[in-house]
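This briefing is meant for someone meeting the structure for the first time, and it goes through a few local features one topic at a time. Please keep the view open while reading, so that each residue can be found as it is named.

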Amino acid sequence: MKLSLSFLKNYIDIPWDTKKLQDKLIMSGTGVEEVYKPWKGMENLKIGKIMDIEPHPNAENLVICNVDIGDNVKLVTSDRSLNVGDFVIVAPKGTILKNNVEVKENEIRGVVSEGMMCSLEEIGFEEKSTNVYKFPEEMSKDLKPGKSAYELLGLDDTVFELEITPNRPDCLSHIGIAREIKALCGNSLKEINIDIPKEKTIGKDTRDFIEIEIEDPNACPRYTAAYIENVKIGPSPLWLRRHLAAVGIRPINNVVDVTNFVMMELGHPIHAFDYDDIKSKKIVVRKAKDGEKILLLDGKEYELDGSELLITDGEKPLAMAGIMGGELSGIKETTTNILIEVAYFDPPTIRKAAKKHRISTDSSYRFERGVDPNDSEKVIKRVISLILQVAGGKAAKNIYDVYPKRIEPRSIILRKKRVNSILGIDISRDQIETILKALGMEVRTSDENFEVTIPTYRPDVEREIDLIEEIGRIHGHSNVPSIIPSFSIDHGGRNSYQKFRLNIVNLLNSLGYDETMNFSMINPEYLEMWGFQETIPDQKMVYIENPISKEISLMRPSLIYGLFDTLSYNFTRQNRDIKLFEIGRVFERDEKSETKVKETEKLAFIASGRDEKNNYFYKSNVNFYTFKGDLESLLYQMKMNNISFKASELPGLHPTRCAEVFCNNEKIGFLGQVLPEVAEKFDVKTTVFITEIDIQKLFNFYNEIPAYNNIPIYPYVRRDISFLIPRNFESEKILNFIIGFNKELIEKVEIIDYYTGKGIPDTHFSTTFSIYFRSKEKTLTDDEVNEIFENIIDEIQKKFNIKVRM
Amino acid sequence: MDEIERTLEEFEHEIENADNLEAIKVIRVKYLGKKGKVTALMRHLKDLPKEEKPIFGQKVNKLKNSIEEILEKKHEEIIFKEKESKFEKERLDVTLPGARKTLGHRHLISRVLQEIEDVFLTLGYEIVEGPEIETEYYNFDALNTPEWHPARDLHDTFYISTKDGTLLRSHTSPVQVRTMKKSKPPIKIIAPGKVYRKDYDVTHLPMFHQVEGLVVGKGISVAHLKGTLDYFVRSIFGPGRKTRLVPSFFPFTEPSFEVYVSCGICGGKGCKSCGFTGWLEIMGAGMVDPNVFEEVGYDPEEWTGFAFGMGVERIAMLKYNVDDIRLFPRNDVRFLEQF
Ligand SMILES: [Zn+2]
């Protein structure tokens, strides 16, 4: 909300400068987002008197005015309606007008204009002007050529852009902020004039002109109306335009401007009907009918579903209650008799309707947060008084107030002890009482407790805790001591899963992988691009119902899409040696779950380019085995034993370079080379390897504290043997066979060489196994070892039908 | 010149030209060996007249000692030279960069997240996580934010199904509710995790990270909230940084605060980074609303507590001077590898 300080000064004297006021408001909970002077740059506007008008020598449609602004200036204008003796607003060169238009000394077709004469549009007092503004006759006694028009018009204003939290509708008005300042500084509020001079009333009551019926008193507990006849619709006086312009409201006509002014003043939205458009002379407040239609002031027709509250004439809707008036019953230039509405509507009812139809107006904004139900009389009298002042006419002698569901002020018991124990301060009984009274509350005390009556403009204060908050924010929190709670809980720190996960992160960093954090939402097209849409049924997918865009509309069923996207982004920016990982959740529908979605935390990593980009002694590119080695290094470092791999075919991955990963025979993930044709769809023209592991499953097999093994006493004996192995053979079988051959004496088997190429048929590869023999009881002799070693070789050759490579 | 002097002169000449250990060995034999020249002179001693014997003997001994001394010196000299030339051949350019292992980098958000967690771990908090897809109940209703409440507009929410009332959590507060429903007070937790809001521009991401904290105990007051946040701010941003509580509104806390930290650039005097206020907003906080306690079955007369919540991206941007929030999900390695 925009708060104009000159507007505000109508209601309270402010004892502080602007900066202090800003601080005071902020520290008591009224956010100030911006402070600015709306008429900055117009300080030099002057009152000018036209002394002489002469034709322009070179242009028929222009005239040259000699204007007295203390000195005499020549001003060129196209406005032919000006007369000698008119008082105008003169903007000398250098003035910045509305929309940042700077006034310059211009040569206009051979004649220098030393500034310009302003229209109301140019100073923001009117939406669209056709002529230079001439001060009206009645002001002439205040008009002295050369005097400041900036001062005369009251443009030396400062505006605060306030951020009012949704619980404080009472602050959506200048009187509301004045009440806050009153509570902070103790100054009292100034009276607001609501007098209606007797001579400006007619003998009849409002109820003689209109019948009011509230069908749904829960949705509309109060409806107050006033009848005014013979108004003259026209432009508003300058003071009214200035107040509205300062708070960013477009001036429309005097009657509507008054309703807007009073809303900004007192916070209660007001609606004005053209009385003569209410043919039935009847107002019926009722819920809409399903399918009913209404044409509103924004020119749009809305179809209603029955939850909306309407102001009707008994048949046709006149307005969507509290939100927007109807197109057909608004104030027009021809309007002469008007009906003023000041109502109180149930906030949720207004909010639902405004939300459903996506309409947000100054009116709905206030009603849905809650206005004061008990200020209607004051508000409507203020409106009548001002309309009579600016639009003439006469008012019915009494307003018509229908209030079927009275809303009484609440009473709350407040305990002094509780105030201090929540706020952590020591505040006295007297201080509490002073603050509450300054906030407009009635206070009765008994011993250490208070009975507090809450004004109805504070719908947010419902409970003792709300009062404690009030005391805290007015008292200030800067004096609250700073204490760290001393109690401890049963246990703290990271749990074993969190430690396990952090361990993975650190190990992957050590293995050279950069951590990434991608959006959990992906583009569903990726599924198709990867060829995954066939393997994961669409009904398992978790889509966002209201996404921002298609690119982020599907909750990822796997981490690989986002990770590959990131690799592609980097690859196409000259980063070719890439190792990345991500740990995050993947999503899949699961009717059994509370949220109907199952979330699983996974790890994925991806690599391409050089395996060790900073090591010039080791120049290998990432390949299947180095990549698999990274995964194994991670798993073995975490003592995840019993890991195995099975060749498999997965969409998007190279059919003969892809494996599923098992831990204790349970599938925990996969690893493989990305199919080149998939990679190319993402502009990646290199070999890429990717793996994804279900770390929650993996964690089930994780031993935080692995068992300790004795350090061997006797030396090992090593024997190496190379085999020629067919490419479609699984070497794991050989490894398992060797390990299982003599569990007592064979400690471990290592692969020390992998070779393809010269001397090896295309269909085969050669691998060298290094076997370590060791006994727990003695030093093994060569003979003992050789015997086992030769048996192993023989049996492997026979059992797997493969040959030793000589 | 006598025989002795001549022998020494000859020896000195020969040793002068010797440049390896083998040559030294030959010279040693030639002079000191069984058939060597000095040995021959020694033998000559017995043929001399008695009165000449002592003088000659002394002279020969002196000669022998000199030769031995020179040989020894020369020997050491050569060994030293040989070592020197061996090292020279093995010389390496120590300024050539090492063949480094490539180490990976933590994502800045993950790193800051851990920094934040670690501060609270030192205060004995537990880390609790919860689902990213939540029900309206946990995300809103249980947090004192009924359907009609304007506060629901504060978060524009992604729905998975409006029919089922399932959504992407807009804050990690549901974890607080789940924790309270599961366990009895006292409670001291932080809840880190991903959260989602329907906002995507220069300053907002549709997915970002939060850490929320919850402390429930007996006699917990605003003073405890203040003490905890003061400690947090000094631990993360450095000693001397100040904290300020500004009254605000959240449906699930009462009173509620926005928490500001004094600007590290201007020290609170006001500058461009802090919008000339001297303060930077870092989180929301407050005393747990009694309605929330009632919802989870705690007696608000017996238990009080505070909660706070911060955006990790925001903290990271302030602490590491990152000026574009979109760098975080972009994962450009040229960004990642700076941390
Ligand atoms: Zn600053």
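What follows covers helix packing, a metal site and some backbone details.

The model is predicted. In chain B, helix α1 packs against helix α2, the axes of α2(B) and α3(B) come within 3 Å, and those of α3(B) and α4(B) come within 10 Å. Chain B also supplies four cysteine donors to a zinc ion.

**Helix packing in chain B**

- Two packed helices are described by the angle between their axes and the distance between the axes.
- Helix α1 (residues 3–17) of chain B and helix α2 (residues 21–32) of chain B have axes 11 Å apart and pack at an angle of about 170°; because an angle over 145 degrees counts as roughly antiparallel, α1(B) and α2(B) are described as roughly antiparallel to each other.
- On the α1(B) side this contact is made by Thr7(B), Glu10(B), Phe11(B), Glu14(B) and Ile15(B), while α2(B) brings Ile24(B), Ile27(B), Lys30(B) and Tyr31(B); by class, the contact has five nonpolar, three charged and one polar residue.
- The axes of α2(B) and α3(B) cross at roughly 10° and come within 3 Å, which means that α2(B) is roughly parallel to α3(B).
- Here Lys30(B), Tyr31(B) and Leu32(B) of α2(B) meet Lys37(B), Val38(B) and Thr39(B) of α3(B), and the residues of this contact divide into three nonpolar, two charged and one polar.
- Helix α3 (residues 37–45) of chain B and helix α4 (residues 53–89) of chain B have axes that come within 10 Å and cross at roughly 165°, so α3(B) and α4(B) are roughly antiparallel to each other, and their crossing is left-handed.
- From α3(B), the residues making the contact are Val38(B), Leu41(B), Met42(B), His44(B) and Leu45(B), and from α4(B) the residues include Phe56(B), Val60(B), Leu63(B) and Ile67(B); the residues of the contact of α3(B) with α4(B) divide into eight nonpolar, three polar and two charged.

**The zinc site**

- The SG atoms of Cys263(B), Cys266(B), Cys271(B) and Cys274(B) are the protein donors of the zinc ion, and they lie 2.3 Å from the zinc ion.
- Along the chain, the donors of the zinc ion follow the spacing C-x2-C-x4-C-x2-C.
- The angles among the four donor atoms are 103 to 113°, and the site of the zinc ion is tetrahedral; for four tetrahedral donors, the ideal angles at a metal are 109.5 degrees.

**Backbone details**

- Most residues other than glycine have a negative phi, and most peptide bonds are trans.
- The peptide bond from Pro185(B) to Pro186(B) is cis, with omega near 0°, and Pro186(B) is placed in the loop between α7 (173–182) and β5 (187–196) of chain B.
- Glu254(B) and Pro255(B) are also joined by a cis peptide bond, with omega about -5°, and Pro255(B) has its place in strand β8 (residues 253–262) of chain B.
- In chain A, Asn665(A) is not a glycine, although its phi is positive, about 65°; Asn665(A) lies in the loop between β36 (653–663) and β37 (666–674) of chain A.

Conventions:
Residues are numbered from 1 along each chain as its sequence is written. Chains are lettered from A and ligands numbered from 1 in the order in which they are written. This is a predicted model: local features need pLDDT of at least 70, side-chain atom pairs count only at pLDDT 80 or more; totals for chains, interfaces and linings use all residues. Side-chain values use heavy atoms; hydrogens and water are left out. Axes are lines fitted to C-alpha atoms, for helices over the stretch in contact, and angles run from 0 to 180 degrees between N-to-C directions. Helices (H or I, at least four residues) and strands (E, at least two) are DSSP runs, numbered from the N terminus. Angles under 35 degrees count as roughly parallel, over 145 as roughly antiparallel, 65 to 115 as roughly perpendicular and the rest as oblique. A crossing is left-handed if the near helix is turned anticlockwise from the far one by less than a right angle, and right-handed if clockwise. Contact means heavy atoms within 4.5 Å. Ala, Val, Leu, Ile, Met, Phe, Trp, Tyr, Cys and Pro count as nonpolar, Asp, Glu, Lys and Arg as charged, and the others, Gly among them, as polar. Donors are N, O and S atoms within 2.8 Å of the metal (3.2 Å for Na, K and Ca); water is not among the atoms, so sites may look incomplete. Four donors count as tetrahedral if all angles lie between 85 and 135 degrees; four count as square planar and six as octahedral if opposite donors are over 155 degrees apart and all others between 65 and 115; anything else is irregular.
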